[in-house]
Amino acid sequence: MRPIPSYRLYREKSGESGDFWIHSETIPERSHLHEWEISPHRHDSFFQIFCLHTGKGEIDGDDGTQRFSAPCAIFIPPGAVHGFRWSRDADGLVVTALGDRLRSLAAADRQLAAFAAATRIVALAPGNADASLVTDCVNKLHRELSGRASCRLLLLEPLMTAALVGLVRAGDAAAGAESGPDDRDRRRTEMLATLVAAHFRERRPVRF
């Protein structure tokens, strides 16, 4: 068996010396150079979000081959093996970001941590608010990274966080997730955090 190569960006020819924590490009930008077929590889230090607007394809990973079609998003965690076969009408965006940013978010939320533990294909149903959040945030990330607007660097992390939250919620909706003990625990934790934030300057007893 041939070893699975690890890249920053797929088959980057520049020596991959450029420093970035987040990068965005269109899906055709790199895929058409390889006849719309991307050999299996991984990104040990990065995670990716593909937002497919048109077209379809297949992803080869640790769990075999899965098919997908637009509109959908594909989440690839750091280190996950993946390869693609895209239809020639495939279009959309792919965002690549440092895994450290994902780990800090996963440490703060159990649901996001569970979602980020594996490759995910999430249908982006038209009219669904969480699906729209994912698409809007990825589109805005691409515009900010492509432009030179003032204060743009301040927007990148909030937009990435919102895109990930939208993915988790859209995935829950597609799976018909029901509230349970984890959901109740999360609500109680959020209530506690709200109380602490509102009253941390006050001397309150523990029973409060």
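## Starting at helix 1

E29 is found in helix 1, where helices (H or I, at least four residues) and strands (E, at least two) are DSSP runs, numbered from the N terminus. At 43% relative accessibility, E29 counts as partly exposed; on this scale buried means under 20% relative accessible area, exposed over 50%, and partly exposed in between, with a 1.4 Å probe and protein chains only. E29 and L93 are 64 residues apart in sequence, yet their C-alpha atoms are 9.3 Å apart in space.

Please keep in mind that this is a predicted model, in which local features need pLDDT of at least 70 and side-chain atom pairs count only at pLDDT 80 or more, while totals for chains, interfaces and linings use all residues. Residues are numbered from 1 along each chain as its sequence is written, and side-chain values use heavy atoms, with hydrogens and water left out.

## The chain as a whole

The protein chain has six helices and nine strands. Its C-alpha atoms fill a box of roughly 65 × 40 × 40 Å, taken along the principal axes. Of its 208 residues, 36% count as buried.

## Aromatic contacts

A search of the whole structure finds eight aromatic pairs. Rings of Phe, Tyr and Trp (its six-membered ring) pair if their centres lie within 6.5 Å; planes under 30 degrees apart count as stacked, over 60 as edge-to-face and the rest as tilted. The rings of F68 and W86 form an edge-to-face pair, because their centres are 5.3 Å apart and their planes lie at 70°. F68 lies in strand 5 (residues 64–69) and W86 in strand 7, so this pair ties together parts that are 18 residues apart in sequence. Both F68 and W86 are buried, and ring pairs link F50, F68, F84 and W86 into a cluster.

Charges meet rings here too. R101 lies over the face of W21, at 4.1 Å from the ring centre, and the charged end of R204 sits over the ring of F208, 4.3 Å from its centre. For such a contact, NZ of Lys or CZ of Arg is within 6 Å of the ring centre and within 35 degrees of the ring normal.

The structure holds one cavity of 30 Å³ or more, and about 160 Å³ of space lies in the largest cavity. Of the 14 residues that line it, the closest to its centre are Y10, E25, R30, Q48 and F50. Helix 1 (27–31), strand 2, strand 3 (46–54) and strand 7 each supply at least two lining residues, with the largest share, three residues, coming from helix 1. On a 1 Å grid over the protein atoms alone, a cavity is a set of points where a 1.4 Å probe fits but cannot get out, and a pocket is an open set with protein on both sides within 12 Å along at least five of seven lines; lining residues have an atom within 4 Å of a point. Grid points are joined across faces, edges and corners, and a volume is the space filled by probe spheres set on the points.

The largest pocket has a volume of about 260 Å³. Helix 2 (99–108), helix 3 (110–115), helix 5 (152–175) and helix 6 (181–199) are the elements that give two or more residues to its lining. Helix 5 provides the largest share, five residues. Among the lining residues are L105, D109, T161, R169 and E190.

## Backbone details

The loop between helix 1 and strand 2 holds E35 and W36. E35 has a positive phi of about 55° although it is not a glycine, and W36 has a positive phi of about 65°, again without being a glycine. E35 counts as exposed at 55% relative accessibility, whereas W36 is buried, with a relative accessible area of 11%.

The peptide bond from A70 to P71 is cis, with omega near -5°. P71 lies in the loop between strand 5 and strand 6 (72–76).
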